[in-house]
Amino acid sequence: AVASTPPRWEIGLYAAGALVLLGIAAINLWKLWRSGSYPAPSPFPNYDYRYLEQKYGAACPDSRSKRVLAPGSQRVPGRSSPSRKSSLRAEDALESIQELGSLELMGRDLGLAHYGPLRKSISADSLNSISSIGNNFGQDFTVGQVEVSMEYDARAAALHVTLLQGKDLLEKEDARFESCFMRISLLPAEQIVGISRIQRSAYAVAFDERFSVPLDPAALEEGSLRFSVFGVDEDERSVSTGAAELKLSDLDLAARPFTAWLYLQDANKAVDTVGEILLSLSYLPTAERLTVVVVKAKNLVWSNGKVTADPFVKVYLLQDGRKISKKKTAVKRGDTNPVFNEAMIFSVPAIVLQ
């Protein structure tokens, strides 16, 4: 049998279908041209902007518009949020990359040259793998959080400490305590800086209390602050339930104030020391980029009576308990004092950095 050419009606059907598809594509391109915005890769691929807008309100559309703004298009004056600085623009990209510098320059600036060349870490593929952390990461030995603010007045030689707020200061299943309060002490002399008012609710507390203590500038390099929470039982006895310590030398209070949430460690649960780790943290505002350098670890102790093991470091980026991203270092075979010297770079919007 000889194959005949397709009938004309079939050829016409294919042609009509092709014209319809071309028409749909043309309409979509025309809509994009009229709107002045084109699809662009998000600078923060791990963040859900709908979630950020719901949580932070009007401060987030500005960061979202950064990823959809077309090259050459102009932003309408007055539309940007007053609560944050303008985000990274296309013309800022080269400047930001140059400001970040190469890993070699970064290692030199951080004083890590003697550890060898600074390398880039490995990105872990899955956030839901069996090896991933649980949803209660960091909560095994903690009881609540407290937000504090500190500043140093060099003229008056005084340290000002403000208790802002706290949450979950007592374990929910512990019904022994009817109320709680916070105490701030200056170590190593155990000098009491201040004691907060007694709070009836331990789960959402607005302290807003300010304390001051005379402090010489030299003491900023030697002293520490301890924030302790006490539960008050029905017999009005005070029992220490958790504490957090901050070394003043780590905060650089002579240059700038310090504000942060602190995790209070449960005083009733022992934590075995399994080693130490040296880290470096930096944030580049123009590129909204967080860099974590895992320098080294020392005095590592293996569990289950192992004589040796192959250590590595895995770093998780968390927001409100949600795992946003994770990266890991190379494995060091049988080394109890491994030197990693690896940089982990995370894209973090400034609005969620705190």
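Colleague: What is the relative accessible area of Glu190?
Modeller: The model is predicted, and the value is computed from it. A residue counts as buried under 20% and as exposed over 50%. Glu190 is partly exposed, because its relative accessible area is 42%.

Colleague: Which residue forms a salt bridge with Glu190, with the closest N and O atoms 3.2 Å apart?
Modeller: A salt bridge needs a side-chain nitrogen of Lys or Arg within 4 Å of a carboxyl oxygen of Asp or Glu. For Glu190 the closest N and O atoms of such a pair are 3.2 Å apart, and the partner is Arg226.

Colleague: How many residues apart in sequence are the parts that Arg226 and Glu190 tie together?
Modeller: Arg226 belongs to strand β8, residues 224–233, while Glu190 sits in the loop between β5 and β6. The pair therefore links a strand to a loop, and the separation in sequence is 36 residues.

Colleague: Is Arg226 buried or partly exposed?
Modeller: The limit for buried is under 20%. Arg226 has a relative accessible area of 23%, so the residue counts as partly exposed.

Colleague: How many salt bridges does the structure hold?
Modeller: The pair of Arg226 and Glu190 is one of them. Another joins Arg210 to Glu151. For the structure, the count of salt bridges is seven.

Colleague: Which strands hold Arg210 and Glu151?
Modeller: These two residues form a salt bridge, with 3.2 Å between the closest N and O atoms. Their parts lie 59 residues apart in sequence, so the contact ties together two strands: β7 (residues 204–214), which holds Arg210, and, for Glu151, β3 (residues 142–153).

Colleague: Which residue forms a salt bridge with Arg256?
Modeller: Arg256 is partly exposed, at 47% relative accessibility. The closest N and O atoms of the pair are 3.1 Å apart, and the partner of Arg256 is Asp252.

Colleague: What is the phi of Asp252?
Modeller: Most residues other than glycine have a negative phi. Asp252 lies in the loop between β9 (238–247) and β10 (258–266), and is partly exposed at 38% relative accessibility. Although this residue is not a glycine, its phi is positive, about 55 degrees.

Colleague: Where is Asn299, a residue with a positive phi?
Modeller: Asn299 has a phi near 55 degrees and is not a glycine. Its relative accessible area is 48%, so it counts as partly exposed. The place of Asn299 is the loop between β12 (289–298) and β13.

Colleague: Which residues does a cis peptide bond join?
Modeller: Most peptide bonds are trans. Here one has an omega of about 10 degrees, and its proline lies in the loop between β5 (177–187) and β6 (191–195). The bond joins Leu187 and Pro188.

Colleague: In β14, which residue is the bridge partner of Ser123?
Modeller: An open sheet of three strands has the order β2-β14-β13, with antiparallel pairing. Its edge strands are β2 (122–123) and β13 (314–319), each pairing on one side only. β2 pairs with β14 (residues 322–328) over two bridges, and the partner of Ser123 in β14 is Lys327.

How values were computed. Residues are numbered from 1 along each chain as its sequence is written. This is a predicted model: local features need pLDDT of at least 70, side-chain atom pairs count only at pLDDT 80 or more; totals for chains, interfaces and linings use all residues. Side-chain values use heavy atoms; hydrogens and water are left out. Two strands pair if DSSP finds at least two bridges between them. Helices (H or I, at least four residues) and strands (E, at least two) are DSSP runs, numbered from the N terminus. Buried means under 20% relative accessible area, exposed over 50%, partly exposed in between (1.4 Å probe, protein chains only).
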